[in-house]
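The points concern the two ligands and selected residues.

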Amino acid sequence: MENFTYCTPTKLIFGDGAIKNLPEVLAPFGKKVLLTYGGGSIKKIGLYDTVKELLKDFEVYELSGIEPNPKYTTSVLGGVKICKEQKIDVVLAVGGGSVLDCSKAICAGALYDGEPWDLITYKVKAKKALPLVDVLTLAATGSEYDSGCVISRTETNDKVGYLDELLFPVASFLDPKYTYSVSRKQTAAGAADAINHIMEQYFCAKHSTLADGMCEAAIRSLIANAKIALEEPENYDARGEFMVDCSLACNTILSIGNSYSGWPCHGMEHALSAYYDITHGEGLAILTPRWMKYILNDSTMERFVSFGKGVFGMDPALSDREIAEKTIDAVYSLFESFGMPMHLKDVGIDETRLQEMAHHIAENEGLDKAWAPLKENDILEILKASL
Ligand code: NZQ
Ligand code: ZN
């Protein structure tokens, strides 16, 4: 096991009607709340009205229109401006991972005098951040239970992951009913994202029986519950289990004591969504089986075999090579069975900018130090195989 320090200070408040406790969770921070949300889904499901009613004794300011793959110049800076001008006490994010991520960057930027991009790119370490409370409406990223956010800057084709303990939400409200309206496309993308989060922690050098068991169980649960949710979007238990799986998937608890893998699929996907603004989980569904195929060799084989047996119940009588190859096929077929696009061309990406993206990834994502190291040419081969 590797040395670790584990601490998640976020309170998860789960269940039907849990949101009634929102005022008492916000109250200790003050009266001035910045309510942040996306393009309107929370209005369609009536959640906006519920939140406004619960906040009737607070002074509420709003930042709406936060984009999927949230943008620095519009949304992050827009939110920071409101926080500074209005002396906001607490940010309340209501939405999916993009709204939560953007709000985390706002919380840090609001209490920093310089350019918030310097925090996001680790040029400067934040000393403090506003408290963040969220109501999650899309299970996928785990942003509600981790200290990270991912911010895009269109002008430079950057999509940057920013982690800081200050960014853990104080409390996250998880009511499965708010995810009933999530489309098939986004439900499938959420499943692919969370499954890949766990794979990024599982395919590494040092691992334990405990971590392997937790990771495999969480992926089996994600698969089983995603299948139900895709067919029965209003199945409370499936949406609920799926939601908790997603929260745990990106929090590091499942891989406690594991060595760091380098998160290669995320490193590559962030460039795809930076250059083409595609849905993160769809990019991952396309890349994951191609990455697996590319890195499979005698020294990586053990992880494939363990994963195949633990997640897909592969027959131990088969040879290791057969199990590994069938495991890659199983991952591909799983995402395909969710109805996901399985080629870059399906999401509007052709060969034109593959070289440029491979270069960008190699320069910025540190994948040459990943568990299975990837140099620029390796990345390009994986992108080409994904076309
Ligand atoms: O904008 P609105 O109108 O709210 O619509 C959203 C959006 O169009 C919609 N949606 C959300 N809740 C809904 C709903 N539609 C119907 N009913 C609901 N209840 O879904 C669309 C996608 O929303 P988004 O928030 O972008 O999706 P997701 O939660 O998958 O977040 C993706 C972002 O998170 C980042 C990704 O890179 C991407 O930018 N990630 C964040 C991570 C983290 N913080 O730890 C880790 C991940 O690996 C990931 O990189
Ligand atoms: Zn992800």
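1. Ligand 1 lies between domain 1 (11-179) and domain 2 (184-385), because both domains give residues to the shell around this ligand. The model is a predicted one, and the points below should be read accordingly.

2. The shell around ligand 1 holds 31 residues, of which G97, S98, D146, S181 and H197 come nearest. Sorted by class, the shell has 18 polar, nine nonpolar and four charged residues.

3. On the side-chain level, a polar atom of S143 lies 3.3 Å from a nitrogen atom of ligand 1. Of the 960 Å² of accessible area that ligand 1 has on its own, the protein covers 87%. Two or more residues of the shell come from each of the elements α5 (97-110), β6 (148-153), α7 (184-202) and α10 (264-276).

4. Which residues coordinate the zinc ion (ligand 2)? The donors are D193 through OD, and H197, H266 and H280 each through NE2, at 1.9 to 2.2 Å. The spacing of these donor residues in sequence is D-x3-H-x68-H-x13-H. Distant parts of the chain are linked by the pair H197 and H280: H197 belongs to helix α7 and H280 to helix α11 (residues 280-295), 83 residues apart. Both H197 and H280 are buried. H197 is also among the residues that come nearest to ligand 1, so the descriptions of the two ligands should be read together, given that ligand 1 lies between the two domains.

5. Helix α7 also contains N196. Is this residue N196 buried or exposed? With a relative accessible area of 1%, N196 is buried, because buried means under 20%. The side chains of N196 and T288 are joined by a polar contact of 2.9 Å.

6. In strand β6 the residue of note is S152. Its relative accessible area is 4%, so S152 falls under the 20% limit and is buried. S152 and V76 are 76 residues apart in sequence, whereas their C-alpha atoms are 9.8 Å apart in space. Strand β6 (148-153) itself is one of the elements that give two or more residues to the shell around ligand 1.

Definitions and conventions:
Residues are numbered from 1 along each chain as its sequence is written. Chains are lettered from A and ligands numbered from 1 in the order in which they are written. This is a predicted model: local features need pLDDT of at least 70, side-chain atom pairs count only at pLDDT 80 or more; totals for chains, interfaces and linings use all residues. Side-chain values use heavy atoms; hydrogens and water are left out. A residue is near a molecule or strand if one of its heavy atoms lies within 4 Å of it. A polar contact is a pair of N or O atoms within 3.5 Å; within protein, one must be able to donate a hydrogen and the other to accept it, and residues adjacent in sequence count only if both atoms are side-chain atoms. Accessible areas come from the Shrake-Rupley method with a 1.4 Å probe; for residues, only the protein chains shown count as cover. Helices (H or I, at least four residues) and strands (E, at least two) are DSSP runs, numbered from the N terminus. Ala, Val, Leu, Ile, Met, Phe, Trp, Tyr, Cys and Pro count as nonpolar, Asp, Glu, Lys and Arg as charged, and the others, Gly among them, as polar. Domain bounds come from an automatic or database domain assignment. Donors are N, O and S atoms within 2.8 Å of the metal (3.2 Å for Na, K and Ca); water is not among the atoms, so sites may look incomplete. Buried means under 20% relative accessible area, exposed over 50%, partly exposed in between (1.4 Å probe, protein chains only).
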